[in-house]
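Please keep the sequence and the structure in view while reading.

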Amino acid sequence: MFDISHIHAFGEMDTPFYFYDMDLFRRTVAELESLSSRHGIKVHYAVKANTQERLMRFLSSRGFGADCVSGNEVLHACACGFAPENVVFAGVGKSDREIMESLDCRIGMFNCESLQEISVINAFAASLGLKAGVSVRINPDIDAHTHKYVTTGLYENKFGISRHEFEPLVDLLGQCGSLELRGLHFHIGSQITDVEKVYSLECVRAAEIVRWFEDKGLEIRNIDLGGGLGVNYEEPDAEPVPDFATWFRTIERNLPLRPGQTVHVEPGRSVVAQCGTLISRVLFVKSGETKTFLILDAGMNDLVRPALYGAYHKVENLSAADRSAPAEDQVYDVVGPVCESGDVWGAGRLLPLSVRGDLIGIRSAGAYGQVMASRYNLRDLAPAVFSDDLF
Ligand code: LLP
C-alpha cells in the first residue's frame with residue numbers, strides 16, 4: 001500500500017525504477033528473526049532473490065547466514081558483512097575457480113550436488129591443507145506443486161543426489177579425508193503455497209533419509225530444508241509479511257530432531273518480494289482492434305517473471321489513487337515497450353481510467369526482479385530507490 005507522500009515523491013523521478021519499502025522489509029525480517037529463534041531454526045537468506053547491498057547488509061547485521069549459488073554471490077555476501085562461516089555455496093555446476101575462491105574465503109559449507117563434485121572439492125581442499133565443510137543435497141523426489149521451471153525436487157530435475165547413489169555416496173565420503181560432513185540438504189521448489197501439505201511431506205521424507213544415513217554411521221547435524229515459501233502475488237496488501245509461522249510450525253511438527261541436530265532453511269522470495277515494486281509510467285494509451293493497450297515504460301527486460309513463467313504481478317495505477325474524482329474502471333492489456341509480443345504485464349486487467357504520464361506500480365517485484373533484469377534492446381537497467389531516502 002503506497003502512501004500519497006510516496007506517490008508525490010515518485011512524480012519527480014525518472015521511471016522505471018525499483019522502489020523498496022524499507023519499513024516493510026525490516027518488519028518482514030523482524031518477524032522472520034523472532035520466529036526462527038523461537039523455533040530454533042537457522043536461516044540462510046537465498047541471495048539469488050535480491051542482491052541489493054542495503055538489504056543484504058541489514059540481513060547480515062541481524063545474524064542471518066547467506067545461501068549462495070555462484071562464486072560471485074559468495075564474494076558479494078562476504079563483502080556485505082555475512083560471516084564466512086555462515087555462508088553456504090550450493091548449485092549443480094560450481095567451477096574450479098568458484099570452488100577455490102570459496103575455500104579461500106573459508107565459507108562454512110558447500111552444498112554438494114554430485115559425487116564428482118564431492119571428489120573435486122575434496123581434492124582442492126587437500127591441496128590447500130584444509131578441511132571443507134560439506135552438506136549433501138538430496139533429490140527427495142517430491143512434487144512441490146508449483147511452476148515446472150521452479151520445481152527442483154523430482155527425479156526428472158538436475159538437482160541433488162538420488163537414491164540409487166546413496167550407497168556409493170557413503171563409501172565416497174568415507175574416503176574423503178579433507179571433507180567434514182555437516183548435514184543433508186533438500187530444496188524442492190519455489191513459490192510453494194500449499195505450505196502444510198508440501199513441507200510436511202518434505203519433512204517426513206527428509207527424516208526417513210536422514211535415518212538411512214545415520215544407520216550407515218554418518219553423523220547428520222544439519223538438516224537443511226531449503227527455501228520456497230510462497231508469497232501472495234494476487235493481493236500483496238492482504239499478506240505483506242509471509243506466513244513464516246505456519247512454515248516453521250509445519251517443520252517443527254513433522255521433523256523429529258535428535259539432540260545436537262539443527263534445522264536450516266533458505267528463504268529468498270518470502271524475505272524480499274513484497275517490499276519491492278517496479279515503478280513505471282504510462283507512455284501511450286492505444287486502441288487496438290479489439291482491446292485497449294496501456295503501454296508502459298517498464299518491460300520484460302526489467303522484470304522477466306511474467307514473460308518467462310507466465311507469472312502474475314498485481315498492476316496498480318498509483319496516480320489514480322491521488323485524483324480527487326474516482327475514475328471508472330476500464331479493461332486494459334498492460335504491456336511493455338520491448339519488441340516481443342510476450343512483453344505483457346497483464347491481459348484484460350481492470351484499472352481506473354489511465355492516461356499518459358500516470359504512475360503504475362508493478363507489485364511484489366522485490367524477489368527475482370532486479371537480479372534477473374537484462375539490457376535487452378540495449379535498454380537501461382532500472383535503478384533502485386529506497387523509501388529511507390525519499391524524505
Ligand atoms: N535454496 C535453493 C537451493 C534454491 O535453489 C532456491 C531458489 C532457494 C533456496 C530460495 O527459494 P525461494 O525461497 O526464493 O523460493 N526465478 C524464479 C525462482 C527461482 C528459484 C531458484 N531457487 C522466480 O522468479 O520465481
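## Helices H4 and H5

Gly71, Val74, Leu75 and Cys78 of helix H4 meet Glu98, Glu101, Ser102 and Cys105 of helix H5, where contact means heavy atoms within 4.5 Å, and helices (H or I, at least four residues) and strands (E, at least two) are DSSP runs numbered from the N terminus. The residues of this contact divide into 4 nonpolar, 2 polar and 2 charged; Ala, Val, Leu, Ile, Met, Phe, Trp, Tyr, Cys and Pro count as nonpolar, Asp, Glu, Lys and Arg as charged, and the others, Gly among them, as polar.

This is a predicted model, in which local features need pLDDT of at least 70 and side-chain atom pairs count only at pLDDT 80 or more, while totals for chains, interfaces and linings use all residues. Residues are numbered from 1 along each chain as its sequence is written, and side-chain values use heavy atoms, with hydrogens and water left out.

The axes of H4 (residues 71-79) and H5 (residues 96-105) come within 9 Å and cross at roughly 20 degrees; axes are lines fitted to C-alpha atoms, for helices over the stretch in contact, and angles run from 0 to 180 degrees between N-to-C directions. H4 and H5 are therefore roughly parallel to each other (angles under 35 degrees count as roughly parallel, over 145 as roughly antiparallel, 65 to 115 as roughly perpendicular and the rest as oblique).

## Helices H7 and H8

Helix H7 (residues 166-175) packs against helix H8 (residues 195-215) at an angle of about 50 degrees, with the axes 11 Å apart, which makes H7 oblique to H8. Phe166, Glu167, Leu169 and Val170 of H7 make the contact with Ile209, Trp212 and Phe213 of H8, and these residues divide into 6 nonpolar, no polar and 1 charged.

## Two backbone features

Most residues other than glycine have a negative phi, and most peptide bonds are trans. Thr15 and Pro16, however, are joined by a cis peptide bond with an omega of about -5 degrees, and Pro16 lies in the loop between helix H1 (4-10) and strand E1 (17-20).

Ser364, although not a glycine, has a positive phi of about 55 degrees, and its place is in the loop between strand E15 (359-362) and strand E16 (384-386).
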